[in-house]
Amino acid sequence: MPDGLVIFRCVCFDRTFAELKEFTRAEPLSIEQITARYGCGGSCKLCRPYIQRMLQTGETEFREIIEVATD
Ligand code: FES
């Protein structure tokens with residue numbers, strides 16, 4: 001893992017954004033569907049804006065704090 005702050009997973013459900021991205025490769029999923037199936041984004045919700053960004057850009061590692069959901 002690179003040095004410094006890297007946000008790369010949903011801590012509550014122990015799923016990396018790379019894993020979630022892989023799931024959306026097989027079948028396009030909305031963030032609501034990801035939450036319903038895997039839980040991610042449905043507990044503390046801190047990962048939610050990162051999952052949204054992942055769905056928009058394909059990024060799976062983040063070096064910045066994203067506080068606000070963008071949908
Ligand atoms: S970190 Fe994903 S729901 Fe808490």
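1. Which pattern does the protein follow, read along the sequence? In this predicted model, the order is β-β-α-α-α. The protein has two strands and three helices.

2. On overall dimensions, the C-alpha trace of the protein spans about 30 × 25 × 20 Å along its principal axes. The radius of gyration is 11 Å, which agrees with the value near 11 Å that a compact globule of 71 residues would have.

3. Two packed helices are described by the angle between their axes and the distance between the axes. Here the pair to look at is helix H1, residues 17-26, and helix H3, residues 48-57. Their axes come within 10 Å and cross at roughly 45 degrees. Because of that angle, H1 is oblique to H3. The crossing in which H1 passes H3 is right-handed.

4. Which residues make the contact of H1 with H3? From H1 come Phe17, Leu20, Lys21 and Thr24. H3 supplies Tyr50, Ile51, Met54 and Leu55. By residue class, the contact of H1 with H3 divides into six nonpolar residues, one polar and one charged.

Terms used:
Residues numbered from 1 in each chain as written. Predicted model: local features only at pLDDT ≥ 70, side-chain atom pairs only at ≥ 80, totals over all residues. Axes fitted to C-alpha atoms, helices over the stretch in contact; angles between N-to-C directions. Helix = DSSP H or I, 4+ residues; strand = E, 2+ residues; numbered from the N terminus. Parallel < 35°, antiparallel > 145°, perpendicular 65-115°, else oblique. Left-handed = near helix turned anticlockwise from the far one by under 90°. Contact = placed C-beta atoms within 7 Å. Nonpolar A, V, L, I, M, F, W, Y, C, P; charged D, E, K, R; others polar. Rg over C-alpha atoms; globule rule 2.2 N^0.38 Å.
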